[in-house]
Amino acid sequence: MKFCLLFLGVSLVLSVCVARSPYQAVLQHSRIRGRLQGPNVCAMLQVKGTNRKYFTNCKQWYHRKICGQPTVITYECCPGYERIPGEKGCPAALPLVNIYNTLGVVGASTTQVYSDRAKLRDEIEGPGSFTFFAPSNQAWATLPAEILDALVSNVNIELLNALHYHMVNRRLTSEELKHGSSFPSMYQEFPVHIHHYSNGVVTVNCARLIKADQHATNGIVHVVDRVITAISNNVQSIIDVDENLETLRTAIAAAGLTTILENEGQYTVFAPTNEAFEKIPQETLNRILGDPVALSDLLKYHILRQMQCAESIVSGTPMETLQGTVLEVGCDGDQMTLNGKAIITKKDQLGTNGVVHYINELLIPDSAKTLLELAEGSSVATASRLFVEPG
């Protein structure tokens, strides 16, 4: 009987651990690290010289680095709590108010101002149950001036549409933001795309949630690090309309991979630009383009089996490609890297079935190389030249 009760207790503990989302697990670790500062204090790692802050897992805590950059430890109130003058930690729960007023206390006061201007205030002060992915003040500040001007100058219709795209007409906690899920927004039901990574990072249309689960009387606010836009094209369509990807487009068609990138899925495409193709010897390029097997291997080596937004990368991680081998996807400061090289020139071009990152160097897998090309890049390069010289 005792054994059964013990087994049941262990099972319940394990089930609770398994049920906890990666975000909640990282948040709990940050709470543990901040407990000496007082109740409801979370320890965070802030990348030196930037405003970027992260709740921390055990590995990051001991390495003290994000994307290879040194960090400093900051202590802040955990989501939903606030300080009281003269008391230790963050003993008070934030007052439960409507979404409009919540925006003003969670670092999204600019979103609050624009909600007023777009005549959205009555809606997010009134009855209902909404989720608002609210851009932070910094997110609005870094938006290109021409885009912001276009939003606020069109009798506020565009601004209202943009804000409605950040909203879902139901309450969604971080636990419900499952990896690969999507939800209809309040702008013509265009979906917002959620990715919840194993390191605790949660993204919506590749924007990172920096303050999640800020509860309100009529919904919930998640603060995100950028202003998001509606998407309607798949990954192949992104490639089709960009002149800088003309060579890649031709190669994909020749290899018969167009259908894959048009179908439903969660792909990451590292798209070589025309310049990337021009960097390799013409003889090598012609050989690969003329060999269907080598061309297919080359292109599949640039496609990951999972969708990886730039903000989800905090350290180097091997990831499987469609070709069957792996790429080391990492970051150095604010730059994404592939196999340790900062060759990514444009990030997070989001499609309905994945994301495109532009690269300025072609990645050639071993299976697309000749024996001589393999030897030239290896420890037997000298020996290979001895074979070449006598023909």
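## Reading cavities, cores and strands in a predicted model

Modeller: Welcome! About 60 Å³ of space lies in the second largest cavity. This is a predicted model, where local features need pLDDT of at least 70 and side-chain atom pairs count only at pLDDT 80 or more, while totals for chains, interfaces and linings use all residues. Residues are numbered from 1 along each chain as its sequence is written, and side-chain values use heavy atoms, with hydrogens and water left out.

Biologist: Thanks! What is a cavity, and which residues line the second largest cavity?

Modeller: On a 1 Å grid over the protein atoms alone, a cavity is a set of points where a 1.4 Å probe fits but cannot get out, and lining residues have an atom within 4 Å of a point. Points are joined across faces, edges and corners, and a volume is the space filled by probe spheres set on them. Here the lining consists of L248, I252, L257, L261, V269, L299, H302 and I303. By class that gives 7 nonpolar, 1 polar and no charged residues. (Ala, Val, Leu, Ile, Met, Phe, Trp, Tyr, Cys and Pro count as nonpolar, Asp, Glu, Lys and Arg as charged, and the others, Gly among them, as polar.)

Biologist: How many cavities of 30 Å³ or more are there, and what volume has the largest cavity?

Modeller: The count comes to 3 cavities of 30 Å³ or more. The largest has a volume of about 140 Å³. Of its 14 lining residues, F55, G200, V201, R208 and L209 are the closest to its centre. Helix 2, strand 2 (53-55) and strand 12 each give two or more residues to that lining. Helices (H or I, at least four residues) and strands (E, at least two) are DSSP runs, numbered from the N terminus.

Biologist: Which residues have the most contacts inside the largest nonpolar core?

Modeller: A nonpolar core is a set of buried Ala, Val, Leu, Ile, Met, Phe, Trp, Tyr and Cys residues joined through side-chain atoms within 4.5 Å. Buried means under 20% relative accessible area, exposed over 50%, partly exposed in between (1.4 Å probe, protein chains only). The largest core has 30 residues, and F133, L177, V192 and V204 have the most contacts inside it. Among the elements supplying at least two residues each are helix 2 (22-34) and strand 12 (207-216). Contact means heavy atoms within 4.5 Å; beyond four places in sequence, F133 touches H166, V168, L177, V192, I194, V204, H222 and V224.

Biologist: Now strands. In which sense do strand 16 and strand 17 pair?

Modeller: Strands of a sheet pair through backbone hydrogen bonds, either parallel or antiparallel. Two strands count as paired if DSSP finds at least two bridges between them. Strand 16 and strand 17 pair in the antiparallel sense over 4 bridges, with E320 facing V326 as its bridge partner. They form a hairpin with 5 residues between them, and G324 in the turn has a positive phi of about 105°.

Key. On a 1 Å grid over the protein atoms alone, a cavity is a set of points where a 1.4 Å probe fits but cannot get out, and a pocket is an open set with protein on both sides within 12 Å along at least five of seven lines; lining residues have an atom within 4 Å of a point.
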